[in-house]
Amino acid sequence: MIYYVSADAGANGRGTKEAPFQTISQAAALARPGDEVLVAPGIYREYVNPPRGGTDCGHRITYRSEVPRGAVITGAEPVKNWTRYDGNVWMARIPNGIFGSYNPYTTEVKGDWYHAVTPAHTGEVYLNGKSLYETHTLEDVLHPTVYQSSWDPAFTVYKWYTVQDGDVTVIYANFQDADPNEENVEINVRRNCFYPDGTGRGYITLSGFTIKQAATNWAPPTAYQEGMVGPHWSKGWIIEDCEISHSKCSGISLGKYLQPENENKWTTWFYKDGTQTERDAILQAQREGWTKETIGSHIVRRCEIHDCGQTGIVGHLGGVFSLIEDNHIHHINNKQNLAGAEIGGIKMHAAIDVIYRRNHIHHCTRGLWLDWQAQGTRVTQNLFHDNVPPKGTKIADGLALGEDIFIEVSHGPTLIDNNLLLSDCSARVSTQGIAFVHNLIAGSFTWVGQGTDNGGRRLSTTRYTPYHVPHRTEVAGFMSILHGDARFYNNIFVQKEICGEYVDYAKTIGMSAPDLIHFTCGTVPYSGYPTAEAYFGQFTLETATDHEGHDIYYDHLPVYTGGNVYFNGALPCDTEQNFRADTEHTVTLELTETDGQWKLHTNLYEYLPAFETSVISTKTLGMAFEPEQMFECPDGSPIVFSSDYFGKKRPVNPLAGPFADQTDAGAPLA
C-alpha cells in the first residue's frame, strides 16, 4: 500500500493521493511491511520515529521523497521574535514548552573521549542555514573575537549565548549587520530527525530526503550512539540519495544501543579507563544478541553528508557487514568547537566486513577513522583530499591535525586499494594487519609503531583489542598491537611540498615528534621492520622453549613490499623490494573542481616507469597475522586486483597506482 504525505495538506487527510497526510509521522504510524510512504516536496518540522520495520523477504517499509531532496525533514524551528539588545546583538525568548522533555539549550555535549574546547550545548542558532558559534559569556557576544582554530575564522564573530529565565530559554546572538527578523533564523528543537526510539526496527529504506539540523549529542563507542538519522541497532536499512547536514554531532549513526551499565562509564564512574569499558561493552553486546543474523548489513549510498559537528557517519558494532558507497562527505568538524577522539567524515569502530567504495571525502578533520576491529574491512576506489586544516589555521591539538585515513589498534585484515590519498598526511597507522595496493599516495604515513597504548608514564598501558571469527561477530581473542604485518604493493608515492605550519606544529608535540607526525611520503617509517623471511625464521623449537628469547613474540611483525614507485623525494623503507625511485623528474599533482566535476591534472604518466610488476591477489597478500584471516571478500572468495579506480581492466603487468593507463588520469574522479 502507498501512503501519501504533503506538508500542504489539511489536518484531516487519510493518506490517499487525493487526501494526503500532513506529516510523515502520521503515515509511519500505519505503515506495515511492504508499504511505501511517498512524501511531496515541502518542509516537515517533525521527528519521525518509525514504530516498526519491514522484513527481509522483499517486504521493506520505504519512505521516499517524491522529488529528490524536495522533502525536507528538519529538527529546527524558525524564530521571528528577536528584539535588539545592543548594537548587532539581538535577544529572543523561547518558551521551554516547545522542547518537550529535551531542551538543547540546557543539554551539554558530553561523553567519553570528548575534549571540550569550551562547554557546548546541543542546540544551535542558524542564520540562513549556517550555524553560529556558541560562547559562554554575554560579553563575548557583545565584543566577539575571531576563533583562529575554525576552518572559517571570518564567520566566528557571529556568536550566541544562552541562559535560562524560569521556564524560558533566552538566546542572545550577534548577527553582525543582519536583521534576524528579516532573515531565515532557526534554532535546534528536536534531538533526532528520522530515528526509531527502539531497537530492532529493520529493513527500512529512506530515499531522497533532505534532512538537517538536529540537536544530537556526542557519540562515543561506550555510549548510546545516536545520529540525526539511523537504524538504531537493527538490520538491513538502506539510506540513499539523501542530503544530510548540520547535525550538532553526527549525521548518520550505525552505532550502538543503550547499555546503561556502560553509558559513558569512563567519564562518570572514573574507575575503569575507556579502553576497558569498551571491551566490556563489546562482550556485553555479544551476550545480548550482536550477531550477523540480527545486526548490521546496512547500505548508505549516493548521499551528500556535510557540515556536521562530530562525524558524517558514526558507528560501533551496529554497522557490521555494511556497504557505504558513492557518497559525498565534506566539511565535517570544521567549526572546531567540538574535539575528541571520535571525529571525522566517517568514524567507525568494528567495521567488520564493511566496504567503503567510491566515496568522495574532503575538507574534514580526517576523512575515515577505522578504530578497533577493522577486520575484513575494505576501502576501495575512493577520492580523499584536503582532510587537514587549511593553511593559516591554528591547529588546536593532535587530533585536529587530520589525515585521509586513520586505522587504529586493529588486527586486520584491513585493505586499502585503488584510492587517491592526496592530503598532506595520507594515513595514520597505529595498527597492524593492513594492505595498501594500487593507491596514489601524496601524503605521509604518521604514528607508525606508535599510539597503541593509553599514554601511561610509569606503567604499561597497552591496549588489548579483540579480533573475531572470520566474517562473524563472535570474539576469537584479544591481543595488543605489535605493529607491522603490513603490505605495500603497486602504489605510487609522490612527495608534496608541505606547509611549514604543520611541520612547526609537529615539533610542538614533544621529543618523539619525528616518530609520530612527520611529512616524508613513502614506506620509510617502516625501516627497521623485518622481512617475512627474517621474522618467521626466528621461530624454532629451541626459541619457543627458551624463555629468555620470548621477546620475539612481542617484536614488530614483518613488512611486505613490491612494485611501488617513488617521486619527488618520497622514500622507500630499507627492505623495499622491486621498486623504482625517480630522482630526476618533478611530478605535479593538481586537483580541480568545475561544475561539480573533480579532475586530477598531473604529468605523472610522462615519467611513470613500466617494469616487472605483478597482478596482486588474495594469494599475494596472504593472511593477517592475529585473526589468521585472508585479505578476501566478505563471502570468503578471493580478490584479484585486476580492475582499477574506474573498474577498468588492468594488463598482465599492471602500472603502479590506481589507473590502468594514462588516459584515465584526466577523467572525472567524482
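A salt bridge is a side-chain nitrogen of Lys or Arg within 4 Å of a carboxyl oxygen of Asp or Glu. The model is predicted, so that local features need pLDDT of at least 70 and side-chain atom pairs count only at pLDDT 80 or more, while totals for chains, interfaces and linings use all residues. Residues are numbered from 1 along each chain as its sequence is written, and side-chain values use heavy atoms, with hydrogens and water left out.

**View A. Arg-302 and Asp-241 form a salt bridge.** The closest N and O atoms of this pair are 2.7 Å apart. Arg-302, with a relative accessible area of 37%, is partly exposed, and Asp-241 is likewise partly exposed at 26%, where buried means under 20% relative accessible area, exposed over 50%, and partly exposed in between (1.4 Å probe, protein chains only).

**View B. The side chains of Arg-366 and Glu-403 meet in a salt bridge.** The distance from N to O is 2.5 Å, and both Arg-366 and Glu-403 are buried.

**View C. Arg-191 is joined to Glu-226 by a salt bridge.** Here the N to O distance is 2.8 Å; Arg-191 is partly exposed at 29% relative accessible area, whereas Glu-226, at 1% relative accessibility, counts as buried.

**View D. Phe-270 is exposed.** Its relative accessibility is 58%, and Phe-270 belongs, together with Trp-269 and Tyr-271, to a nonpolar surface patch, a patch being made of residues with over 30% relative accessible area and no salt bridge, in which like charges are joined within 9 Å and nonpolar side chains (Val, Leu, Ile, Met, Phe, Trp, Tyr) within 5 Å.

Terms used:
Areas by Shrake-Rupley, 256 points an atom, 1.4 Å probe, with all protein chains shown as cover.
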